[in-house]
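Colleague: I have a chain to go through before the group meeting. Can you walk me through the model?

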Amino acid sequence: NRSDVNYFGAGPAPLPTVVLEKASQVLLNYREKGIGLCEISHRSPEANEILAEAKQALSTLLEIPDDYDILFLQSGGSGEFSATVYNLVAIWVEKKRVKIAAEVGDDQEEVLKRLRKVVDEELKLDYLVTGSWSLKASQEAARLIGAQHVNVATDARKANGGKFGVIPPEDQWSLTPRTSGGGAALAYFCDNETVDGVEFPAFPKSLEGDDAPLVCADMSSNFISRKVDVRKYAVIFGGAQKNIGNTGIAIVIIRKSLLPPHSTPASPDLLRQLNLSVGPIVLDYPTIAKNNSLYNTLPIFDVWVAGQVMNGLVNTYGTKRIGGQQEISDEKASLIYDTLDKYSDIYRVVPDKTVRSRMNICFRVHGGDADKEKAFLAGAEKQGLLGLKGHRSVGGIRASNYNAVSLEGVRKLVAYLEDFTKS
Ligand code: PMP
């Protein structure tokens, strides 16, 4: 029974029971239409209303300014690793082309020649590699446009004996210098590393300022869990399946100045001539934005679930907005970390104290002793505390503390952590 179980899986992750109960009804019969939500057109008035409501709820929660757009895509989080590269490189190239064309005039061959040189010498994408997901994103960028264009401005493993678990100090990062003509085409980081339990405590200072690069952040695993100053970002994205909804959609918050008519991406023809890859149309932000996320068939049921979850938070926290959820998330995380720290002879939190994730709490039991960790997990399962096994790449224990994990569930976990120390 759902009420006997507390699930701490890293994603897919628990959803509010009230939302799932309602979901089971709308799957069969949406608003007494006699047909379910997975069966109706994504272009119906009902679908449009669902889309509008989900956008409104996210805007309310994160206080998203009017000069930002919200997009829904079927890309998953990983698809956005590619989409950010395709879209922002195309904008960077077009800017350079316009500048060169202004200098050399109509001589297309000369423009192309100079542009090739600029791309070869200047195209850089900055990645802060602080865990396995930002690593994957940087690898995807290298796969798409060539490793020579990817600047890993920091690799946290180098500062931590080969393992993730820290965020190196900003003065040790080697970001692409900001020049009057540009700098990096984007700067990328993962706000919360799901596998490694590392979360940025705050927005990086060195990515701030009027001449800052276009900052892209992966918030897949800490979306709508704390306040975000959206204006600091060019693109925020996340898969829905942890804090927002079920698997199937990714949500993108994008600065409108990066979309037509304010920005024009380089044409596919030009990109091909520069040996830069052209992305699939379903990852093309201008196309998705122009079509209100309905360029192709959007899974409206997934959007409905996300909208219900977010509207639930809007109603619960009122004028506190996401700040209300942040208080609870922080409280739950503190309860767990305090207990782990209290029994530091038995438990060891993996990441450094300054960058501990409030969402994915990674720790070892008895120094990582395989039998002891197995016993820990077996004992937890007996009490209905499920999904605690760490990611297969790092082992150990991981308690994911997403929004739908209740304070009561966390208290049960804390009681078990206490009990286990006596066994
Ligand atoms: N980024 C982060 C931070 C993630 O945790 C995940 C998935 N666990 C992804 C990206 C990849 O998302 P998806 O599986 O939807 O492609």
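**Walking through the model**

Modeller: Strands here are DSSP runs of E with at least two residues, helices are runs of H or I with at least four, and both are numbered from the N terminus. This is a predicted model, so local features need pLDDT of at least 70, side-chain atom pairs count only at pLDDT 80 or more, and totals for chains, interfaces and linings use all residues. Residue numbers run from 1 along each chain as its sequence is written.

Colleague: Is asparagine 360 buried or exposed?

Modeller: Asparagine 360 counts as buried because it has 30 C-beta neighbours inside 10 Å. The cut-offs are 20 or more other C-beta atoms within 10 Å for buried, 12 or fewer for exposed, and partly exposed in between, with C-beta atoms placed from the backbone.

Colleague: What does asparagine 360 touch?

Modeller: Leaving out residues up to four places away in sequence, asparagine 360 touches Ala10, Thr194, Gly197, Ser221, Arg398 and Ser400. A contact is two C-beta atoms, placed from the backbone, within 7 Å. Asparagine 192 is 168 residues away from asparagine 360 in sequence, but 8.4 Å away in space, C-alpha to C-alpha.

Colleague: And lysine 353, where is that?

Modeller: Lysine 353 is in the loop between β11 (347-349) and β12 (360-365). Lysine 353 counts as exposed because it has 9 C-beta neighbours inside 10 Å. From lysine 353 to tyrosine 337 is 16 residues in sequence and 9.6 Å in space, C-alpha to C-alpha.

Colleague: Step back a bit. How many helices and strands are in the protein chain?

Modeller: The protein chain has 11 helices and 14 strands. Its C-alpha atoms fill a box of roughly 80 × 60 × 35 Å along the principal axes. Of the 423 residues, 46% count as buried. Among contacts with a separation of 6 or more, 72% are between residues 24 or more positions apart.

Colleague: Which domains does the assignment give?

Modeller: Domain 1 (53-302) and domain 2 (321-421); such bounds come from an automatic or database domain assignment. The C-alpha centres of domain 1 and domain 2 lie 31 Å apart, and 24 residues of domain 1 are in contact with 24 residues of domain 2. On the side of domain 1 that touches domain 2, α2 (45-62) and β7 (198-199) each supply at least two residues. The largest share of that side, 3 residues, comes from α2.

Colleague: New topic, helices. Which residues are buried in α4?

Modeller: In α4, Val111, Leu115 and Val119 are buried. They cover an arc of only 65° around the axis, which puts them on the same side of α4. The arc is that of the directions from the helix axis to the C-beta atoms. Glu109, Lys117 and Glu121 are exposed on the other side of α4. The buried residues of α4 pack against α3 (76-104).

Colleague: What about α5? Which residues are buried there?

Modeller: The buried residues of α5 are Trp133, Ser134, Leu135, Ala137, Ser138, Ala141 and Ile145. They pack against α3, β3 (125-129), β4 (150-155), β5 (186-190), β6 (192-193) and β8 (215-218). Just after α5, glycine 146 has a positive phi of about 105°.

Colleague: Where are the cis peptide bonds?

Modeller: One joins glycine 11 and proline 12, with omega about 0°. Proline 12 is in the loop between β1 (6-7) and α1 (17-28). Another joins proline 260 and proline 261, with omega about 5°. Proline 261 has its place in the loop between β10 (250-255) and α6 (268-273).
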